[in-house]
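Keep the sequence and the coordinates side by side.

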Amino acid sequence: AVYAPALLSNDNWSTVFPPKLQELLSQLENGLGKSLRYNVHDASSLEAINSPCNEFQYWAEVASSETDLISRERAQFFHGMFEPLNRDFSDLQSLTLHELEELLEK
């Protein structure tokens, strides 16, 4: 999964890989990230968060899977707060410099 973003974002490589392989690489990356965060909501699970999108996904997963009511409510709160940002941050590669500056000012 470490190589997936580099391979898929590079025009030379992304045109060589069939769409099915690109999809499988994306699924592998998502699955590995989820397995790092799965059912361990302490400091060790936070090591898997290395981007804003990882954090957004972490809170969504905790909000839907946590059995402790207080933890689930806290996660739902953060998930709700981050949801508008998630849409903006999910496609950073396509934004212009001006659009990135506007996003960071939010």
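Buried means under 20% relative accessible area, exposed means over 50%, and partly exposed lies in between, with a 1.4 Å probe and protein chains only as cover. Helices (H or I, at least four residues) and strands (E, at least two) are DSSP runs, numbered from the N terminus. With those terms set, in α5 the residues S71, A75 and F89 are buried.

A word on provenance. The model is predicted: local features need pLDDT of at least 70, side-chain atom pairs count only at pLDDT 80 or more, and totals for chains, interfaces and linings use all residues. Residues are numbered from 1 along each chain as its sequence is written, and side-chain values use heavy atoms, with hydrogens and water left out.

Now the whole chain. It holds six helices and zero strands. From the N terminus on, the order reads α-α-α-α-α-α. Of its 106 residues, 19% count as buried. Contact means heavy atoms within 4.5 Å. Among contacts with a separation of 6 or more, 28% join residues 24 or more positions apart. The accessible surface comes to about 7,800 Å², computed by the Shrake-Rupley method with a 1.4 Å probe. Carbon and sulfur atoms own 58% of that surface.

Start with α4. It covers residues 52-65. The expected span of a helix is 1.5 Å times one less than its number of residues. For the 14 residues of α4 that gives 20 Å, and the end C-alpha atoms are 20 Å apart, so the two values agree. Seven names make up its buried set: N54, F56, Y58, W59, E61, V62 and A63. E61 is an acidic entry there, buried because its relative accessible area is 15%. The C-alpha atom of E61 lies 9.5 Å from that of Q76, 15 residues apart along the chain.

Which residues form the largest nonpolar core? A nonpolar core is a set of buried Ala, Val, Leu, Ile, Met, Phe, Trp, Tyr and Cys residues joined through side-chain atoms within 4.5 Å. Here the largest one has five residues: Y58, W59, V62, A63 and A75. Helix α4 gives the most to this core, with four residues. A75 belongs to α5. It touches W59, V62 and A63, not counting residues up to four places away in sequence. In soluble globular proteins, nonpolar side chains tend to be buried together.

Next, α5 itself, residues 69-89. Its 21 residues should span 30 Å; the end C-alpha atoms are 29 Å apart, which agrees. The helix has a kink of about 45° at E83, shortly before the proline P84. The bend at a residue is the angle between axes fitted to the seven residues ending there and the seven starting there. The buried residues of α5 pack against α4 and α6 (97-105).

Then look at the rings. Rings of Phe, Tyr and Trp (its six-membered ring) pair if their centres lie within 6.5 Å; planes under 30 degrees apart count as stacked, over 60 as edge-to-face and the rest as tilted. By this rule there are five aromatic pairs. F77 and F78 have ring centres 5.5 Å apart and planes at 70°, so their pair is edge-to-face. F78 and F82 are stacked, at 6.3 Å centre to centre and 20° between the planes. Both lie in α5, four residues apart, about one turn of the helix. F78 is partly exposed because its relative accessible area is 29%. F82 is partly exposed too, at 21%. One aromatic cluster takes in F56, Y58, W59, F77, F78 and F82.

Finish in α6, where E99 lies. At 34% relative accessibility, E99 counts as partly exposed. Its C-alpha atom is 9.9 Å from that of D88, 11 residues apart in sequence.
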